[in-house]
Amino acid sequence: MVADSGGTARRRICFCIQIDMSDSDSTVPESVAAPAAKAGLRRISLPRWRGKLEAVALPAGAIVVSLVLFGLFCAANGKNPFAVFASIDKAAFGSWYAFQNTLVRAAPLMLCALCTAIPIRLGLVIIGNEGALVLGGLCATIIGLKMPSASPASVHIAMALTGAVAGGVWIAAIGALKHYRGVNETICSLLMNYIAIALLSQAVNTWIKDPASLNKPSSYPIPDEQMLQPLGETSIHWGLIFGLIACGIAWFLMQKTTFGFKVRTIGANIRAAQIAGISVGPITVMACFLAGMCPGLAGMVEVAAVQGSANEALNAGYGYSGILVAFLARQNPLGCILISTLLGGLLASGGALQRDHQLPDATILVFEGIVFVVILYSESLYGRWRFFQERTV
Amino acid sequence: MNQPTDQLGWLGVPLAILAGAVGGGTPFLFVSLGECLTEKSGKINLGLEGVLITGAMTAYAASYKSGSPWFGVLVAGAAGMLLGFIHAWLAQKPKVNDIAVGIGMISFGSGLAFFFGKAFIQPLAPQLPSFDLGGWSANPALKAALKICPLFFLGVGLAFAMDWFFKSTRWGMFVRAVGDKPDAARAMGISVTSVRTLSIVFGSFLGGIGGAYLSLFYPGSWTERVSGGQGFMAVALVIFSRWNPVQCLWASLFFGGAQALGPALQAVGVSGYYYLFNASPYAFTLAVMIATCSSKRSLAGQPGALGSGA
């Protein structure tokens, strides 16, 4: 009896999703599928690669268009665009040393991107990445400072757990407020960014302030032997490993598990999910918690591997860039890895642009803005060309 | 503006809050009126933060180059309209999320402003004039508090004018119809796209003027930290004031005053929670949103099509 009702529920979900998909980005054009089904013919579907190609070709095309627009922008300001591109490429990927620097910046971006990429599958646009990162870093530091004589490994585990849980609770609260109180999640996450940053300022200026840090208010430093050590001879730290693992887990969770299926169902059609008996509230909160753990962990890594203490440098804009990564990668966690690496390279090249071309560091921000706008425009082009429609015989 | 309050002791706190309400509230007023108009037409413009920063930069630059601060205000409005036009065009494309467009426009607008604004961080641009309503008083603190920018009165007038516009004019009804029931508006023969485009562009014009106020009056200089997130807050303010322009005025004054609370308390020696006090407007907005929102019904006064993608 129970199993049967479960089966019906699943069938209902499939039914609802099919309805929902047929009016958004359908894989089978109705005009083709419906007459074939009516005539009782067996449908032979060809290998499905066109949809996948579209999902790669459109963002790639968008990046090319943005490069052209950015080149025009450089040319309009009297710089040779090709020389600028060459500098970016050299500073980001030109040498092993440069690439290490790129990867160091890519690590927090990957983790922050997940904070937007996971909830958006629920239909929630959450931009609280910056706040979760800052809070994760702050809480991890507080715990780290409380364990001065513990072994490095146990300090790392405690800090990572605290950071991740702090970020997770912060974002889960946003999900809970959205579901149970109807508070707009975007505005809510924005306000909570400001609150988290204020908490950090308050903490590093009073509660845990190191009196020795005059110009740049900071917490007491984490002892050197308890810092996260770089990997081997490189400058790459554990953040990259965490980022890769988190993106992998997020992809598996979203695509291959019932949890991910429920999340995607809620995002596709929340009414259908409720009718099918999915407990929307707990799943929303849980997904938001998992999403928030990632920037929280990024904050911990920034403290334990890069900064050495909690200070205002935590609030360096990785969170906001993470939003861009999530949209560029079309919310695909594996795509986030690639885009984070590209964007990390771009961020790493800010100094080179200033040195070689006298371009202000805001140039990178302009480029990011252009890419963002073009990518959003490309969203409206899905399904526009027949070439990318899956064919059936 | 808060420095002279030292001599007043505790009396300085309400005075600083009052001064902050008018002085710091004016940019809130302009961006929230702009956002109110935009949201009444059924779209959200989160990108007003980018518009505000661009407005601040262009106003300062134009005022410096031309010597006329009022010309700077106009240029800021025009720059805002330009960004607004991009937002309007992009946000109305199918399958494009207007909130995401706003985030994109923030990085685009602020990127352009920082890029071209580097050259204008040092020089001093002519500032907007002020009405000295405190001439009768000998107290310098009171005098400083009563130096009020003409833009403030313009904003107050605009709030009431906009209220009248929505309630009593044909065009105001068009905007409300498009925001509430786009399909019905379309059936009436109203072009939803044009109404929304005009609303967003004019809303961004107001956002640009808010930016001009920041760089040409209070705090009165152009730096990369000129905006304290007033553009972000616009969206929260409009929810706070239930999509009513006159209530936007009261909410802006309230927020301006709340922003002045931290520095005012620090001036009288209460500095223990200075940084947390600075976040009080955000915490308060959040508290109000949690208290008044409900998952069962939409808020009173909320345009029907808002956030639905229609």
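## Contacts and the model

Two residues are in contact here when their C-beta atoms, placed from the backbone, lie within 7 Å. With that in hand, look at A:L114: setting aside neighbours within four places in sequence, A:L114 is in contact with A:A246, A:C247, A:A250, A:A291, A:C294, A:P333 and A:C336.

Please keep in mind that this is a predicted model, where local features need pLDDT of at least 70, side-chain atom pairs count only at pLDDT 80 or more, and totals for chains, interfaces and linings use all residues. Residues are numbered from 1 along each chain as its sequence is written, while chains are lettered from A and ligands numbered from 1 in the order in which they are written.

## The nonpolar core

A:L114 turns up again in the largest nonpolar core, which has 226 residues: A:L114 and A:C336 touch the most other members. Such a core is a set of buried Ala, Val, Leu, Ile, Met, Phe, Trp, Tyr and Cys residues joined through C-beta atoms within 7 Å, buried meaning that 20 or more other C-beta atoms lie within 10 Å of a residue's own. Helix α12 (residues 280-307) of chain A supplies the largest share, 16 residues; helices are DSSP runs of H or I, at least four residues, numbered from the N terminus.

## Where the chains meet

On the chain B side, 38 residues are in contact with 37 residues of chain A. α5 (98-117), α11 (230-240), α13 (274-278) and α14 (280-292) of chain B each provide at least two residues of that side, and α5(B) gives the most, with 12 residues.

Conventions
Buried ≥ 20, exposed ≤ 12 C-beta atoms within 10 Å, placed from the backbone.
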